Amino acid sequence: MLNDPRFTAEVALSVPFHDVDMMGVVWHGNYFRYFEIAREALLNQFDYGYRQMKTSGYLWPVVDTRVKYRDVLIFEQHFRVRARIEEFENRLKIAYEIIDAASGKRTTTGYTIQVAVEEKSREMCFVSPAILFERMGVTP
């Protein structure tokens, strides 16, 4: 089921000057912003982006993340970020790949894990809320 194309999104970006360090490569912390752009595109595909999450009464903080740098990105380099849902029942795990647009070479991989937190009580949910399943069009 998670091979369904609805659960994958891809965005095309290029490296702006303000993202590079004094060595001319993307500063390591900026990769999380690239992941965020792709994650937002992915969540918006099934109408459960951050505004909809908050409206539904749930916050979805990132509680764990990982990134593996395989090759550098440099100023003005064009690349694609692919985000894919890997888990959703108890937490939202999204995997990422950054791919150089010219060569097709994978430069970076990673993931983020988010959990649902009920906004009013600030209590963490141990099962993803029904609204996520509804928006994704799946049954738990």
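F126 is exposed, with a relative accessible area of 66%; exposed means over 50%, buried under 20%, and partly exposed in between (1.4 Å probe, protein chains only). This residue is found in the loop between β7 (117-118) and α3. Helices (H or I, at least four residues) and strands (E, at least two) are DSSP runs, numbered from the N terminus. The structure is a predicted model, in which local features need pLDDT of at least 70 and side-chain atom pairs count only at pLDDT 80 or more, while totals for chains, interfaces and linings use all residues. Residues are numbered from 1 along each chain as its sequence is written, and side-chain values use heavy atoms, with hydrogens and water left out.

Together with M124 and V127, F126 makes a nonpolar surface patch of about 340 Å². Patches are made of residues with over 30% relative accessible area and no salt bridge, with like charges joined within 9 Å and nonpolar side chains (Val, Leu, Ile, Met, Phe, Trp, Tyr) within 5 Å. Accessible areas come from the Shrake-Rupley method with a 1.4 Å probe, and for residues only the protein chains shown count as cover. V127 also has its place in the loop between β7 and α3. Leaving aside residues up to four places away in sequence, V127 touches E89 and N90, where contact means heavy atoms within 4.5 Å. The C-alpha atoms of V127 and P140 are separated by 9.8 Å, and the two residues are 13 residues apart along the chain.

L92 touches L43, M53, W60, I85, E87, T112, I113, Q114 and L132, not counting residues up to four places away in sequence.

Charged side chains were then considered. Side chains of opposite charge can pair when their charged atoms come close. A search of the whole structure finds 13 salt bridges, each being a side-chain nitrogen of Lys or Arg within 4 Å of a carboxyl oxygen of Asp or Glu. One of them joins the side chains of R80 and E10 (2.8 Å, N to O). R80 lies in strand β4 and E10 in strand β1, so this pair ties together parts that are 70 residues apart in sequence. R80 is partly exposed at 24% relative accessible area, and E10 is partly exposed at 37%.

A salt bridge is also formed by R33 and D19, with the closest N and O atoms 2.2 Å apart. This pair links distant parts of the chain, as R33 is in helix α1 and D19 in the loop between β1 and α1, 14 residues apart. R33 counts as partly exposed at 38% relative accessibility, whereas D19 counts as buried at 1%.

E119 and K54 likewise meet through their side chains in a salt bridge (2.3 Å, N to O). Because E119 lies in the loop between β7 and α3 and K54 in helix α2 (residues 50-55), the pair ties together parts that are 65 residues apart in sequence. Both are partly exposed, E119 with a relative accessible area of 23% and K54 with 46%.

The structure holds 9 aromatic pairs. Rings of Phe, Tyr and Trp (its six-membered ring) pair if their centres lie within 6.5 Å; planes under 30 degrees apart count as stacked, over 60 as edge-to-face and the rest as tilted. Y31 and Y69 form an edge-to-face pair, at 5.0 Å centre to centre and 75° between the planes. The pair links Y31 in helix α1 with Y69 in strand β3 (residues 62-69), 38 residues apart. Y31 counts as buried at 2% relative accessibility, whereas Y69 is partly exposed at 37%.

Y48 and W60 form another edge-to-face pair, with 6.3 Å centre to centre and 90° between the planes. Y48 is buried at 0% relative accessibility, and W60 is buried at 7%. Finally, Y31, Y34, Y69 and F79 form one aromatic cluster.
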